[in-house]
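Please keep the model open while you read.

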Amino acid sequence: MADIKQLPTRDQVNPKLTWDLTPIYQDGQAFNQDFDEVTKQINALPQLEGTLSHGAKELVKVIEAIMNTIRPAEKLYVYASLKHDQDTSDADNQALSGRTQSLLTKLESHIAWFEPELLAVDPATLDQWLKTETTLKPYEHYLRTITDNREHVLTPAAEKLLAQAGDALSASSNTFGVLNDADLEFPVVEDDDGGTVQLSQGVYDQLIQSTKPEVRKMAFKQLYAVYHQFRHTLAATLSGNVKTHNFEASVHHYRDARQAAMSANHIPESVFDSLVTSVNDHLPLLHRYVALRKQILNLSDLHMYDLYTPITGEPQLSYTFEEAKAEALKALAVLGPDYLSHVQEAFDSRWIDVVENKGKRSGAYSSGMYDTAPYILLNWQDNLESLFTLVHEMGHSMHSYYTTHNQPYQYGDYSIFVAEIASTTNETLLTDYLLKKYPDKQVQAFVLNHYLDGFKGTVFRQTQFAEFEHYIHEQDAAGQPLTAEFLSQYYLALNQKYYGKAVISDPEIADEWSRIPHFYYNYYVYQYATGFAAANTLAQRVTSGDTAKRDAYLNYLKAGSSDYPINVMQQAGVDMTQTGYLDQAFAEFEKRLNQFEALAKTM
Ligand SMILES: [Zn+2]
């Protein structure tokens with residue numbers, strides 16, 4: 001019997017491989033001091049209620065009082081959440097995190113009056129203030145992001161009523177969460193080693209990648225059998241959630257839920273439409289990739305449960321974390337010496353929590369705020385996948401670094417729409433680097449497949465989700481009941497359209513809509529697809545050797561929220577309202593598919 005791997009406890013981990021949080025707070029006492037100070041500031045904020053309409057100077061005073069409170073509160077939040085994640089079983093950390101959460105909730109409720117009061121200022125008066133008061137000028141874009149949607153904001157009384165109904169309106173979404181995360185019980189299935197394992201969402205994600213067809217088939221069949229049993233309940237929760245989006249859009253005078261969701265981030269709807277059109281035009285490429293998968297796996301029939309198993313085996317590449325750091329620096333060198341110096345700083349200043357320990361949060365992320373370093377949480381394994389994760393999270397952290405060092409506090413963050421572009425660009429640069437560096441066929445095949453699978457899962461699959469999401473919102477608005485039968489029928493047809501004839505659309509997949517948490521996020525998924533495609537164009541520009549193009553990229557990293565996301569990307573060299581950048585991404589996918597096909601013939 002194999003030894004069961006024991007994870008170290010937190011205090012057994014080499015400190016060099018942990019993040020150093022002392023630059024945020026030297027110790028618990030320093031945290032507590034700041035906590036008390038911020039609490040006082042929060043308690044004083046309601047005194048400002050009703051004053052901002054008195055004049056431009058008063059408005060500046062209110063904005064600055066609020067920001068001067070949020071800013072240190074964010075520092076508390078980063079410290080508490082990182083502490084919590086490094087060992088979630090630690091009772092002190094849990095308490096720290098709980099206290100901070102309550103403080104932030106209080107802060108939110110103490111500034112809830114700000115937006116309605118600002119919107120109550122006559123637009124001509126506000127324009128006048130902006131013209132004459134120089135201390136207000138630095139906040140102009142910040143104010144515009146709030147006042148742009150003025151016509152969609154109701155009276156303070158009506159908004160208050162809606163806010164009070166918030167818990168009731170999110171009941172469907174919460175019910176889905178509880179059912180999906182806690183109540184659904186899955187059977188015991190066979191695992192990879194011939195033993196048995198209790199099926200769960202996490203176990204399913206592993207088993208569906210099994211190299212044994214029977215294992216992934218049984219995991220698939222058993223998981224969907226459970227969802228099928230609850231399909232009417234899950235249709236009701238999804239329908240309730242869609243109705244909430246449609247209701248909120250309608251009462252705020254939006255044409256539909258999509259317009260409401262996208263205008264909240266100031267993204268033109270043409271971005272969504274261009275994506276869906278372009279992906280549909282390029283579906284034959286996905287069909288080709290899937291057919292190649294079938295051929296390499298040597299299967300007479302390719303099922304939906306055969307889409308995640310690795311088709312190239314593990315490459316002959318492994319990295320210790322030390323080796324990975326050196327490799328990351330080489331792969332990212334095209335971004336220039338300044339960028340590299342900050343990556344080096346991240347390594348040298350211990351911004352990264354590297355290895356697993358008992359109780360540490362799983363996965364990986366980048367997290368930081370204006371007055372903290374952009375920390376990175378990893379659960380390092382000595383393989384290529386971890387190297388990709390490292391450069392991905394480093395992309396987020398460098399984006400944060402450049403933003404906070406080039407923007408004033410009010411523009412010192414960035415929207416989700418642009419966030420994944422920085423991380424994916426780094427992954428694309430790593431892919432380019434590895435393909436150039438390693439002629440070995442096994443490595444080439446692995447890297448190409450990693451890219452093609454990433455493209456499939458991000459550009460094609462998320463657009464399939466986006467199409468589904470938009471369709472069900474439209475149907476609900478038109479009075480169509482969103483029953484399980486209706487949802488499954490459409491989903492199956494959509495799935496067949498996306499994957500084509502090479503895949504058998506197993507009947508179970510018709511219920512896939514019932515288990516996707518992202519369908520509760522309100523027009524969120526399309527951004528994964530647009531971000532991946534935009535990163536492709538940007539990586540090509542960066543590697544072109546033209547320093548002006550590289551600088552345009554760095555300017556995007558520096559821009560923060562000083563302009564609307566779509567303008568920031570335009571300046572960086574990608575017009576996301578048109579299909580050009582998508583065509584470019586599909587051309588790259590096709591090129592690499594050709595390479596992979598050619599390589600597969602020789603292996
Ligand atoms: Zn990311």
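Q: What makes Arg592 count as lying over the face of Tyr451?
A: In this predicted model, Arg592 is 4.6 Å from the ring centre of Tyr451. The cut-off is within 6 Å of the ring centre and within 35 degrees of the ring normal, so Arg592 is counted as over the face of Tyr451.

Q: Why is the pair of Tyr451 and Phe455 called tilted?
A: The ring centres of Tyr451 and Phe455 are 6.1 Å apart, with the planes at 50°. Centres within 6.5 Å make a pair, and planes under 30 degrees apart would be stacked, over 60 edge-to-face. The angle of 50° is therefore tilted. Tyr451 and Phe455 also belong to a cluster linked by ring pairs, which includes Phe460 and Phe532.

Q: How do you know that Tyr451 counts as buried?
A: Buried means under 20% relative accessible area, and Tyr451 has 6% relative accessibility, so Tyr451 counts as buried. Phe455 is buried too, at 1%.

Q: What makes the pair of Phe272 and Tyr526 a tie between parts of the chain?
A: Phe272 lies in helix H14 and Tyr526 in helix H22, so the pair ties together parts 254 residues apart in sequence. The ring centres of Phe272 and Tyr526 are 5.5 Å apart and the planes are at 55°, so this pair is tilted.

Q: Why does Leu52 count as buried?
A: Leu52 has 0% relative accessibility, and the cut-off is under 20%, so Leu52 counts as buried. Leu52 is in the loop between H1 and H2, and the residues it touches include Trp113, Phe114 and Val121.

Methods. Residues are numbered from 1 along each chain as its sequence is written. This is a predicted model: local features need pLDDT of at least 70, side-chain atom pairs count only at pLDDT 80 or more; totals for chains, interfaces and linings use all residues. Side-chain values use heavy atoms; hydrogens and water are left out. Helices (H or I, at least four residues) and strands (E, at least two) are DSSP runs, numbered from the N terminus. Buried means under 20% relative accessible area, exposed over 50%, partly exposed in between (1.4 Å probe, protein chains only). Contact means heavy atoms within 4.5 Å. Rings of Phe, Tyr and Trp (its six-membered ring) pair if their centres lie within 6.5 Å; planes under 30 degrees apart count as stacked, over 60 as edge-to-face and the rest as tilted. Lists of a residue's contacts leave out its neighbours within four places in sequence.
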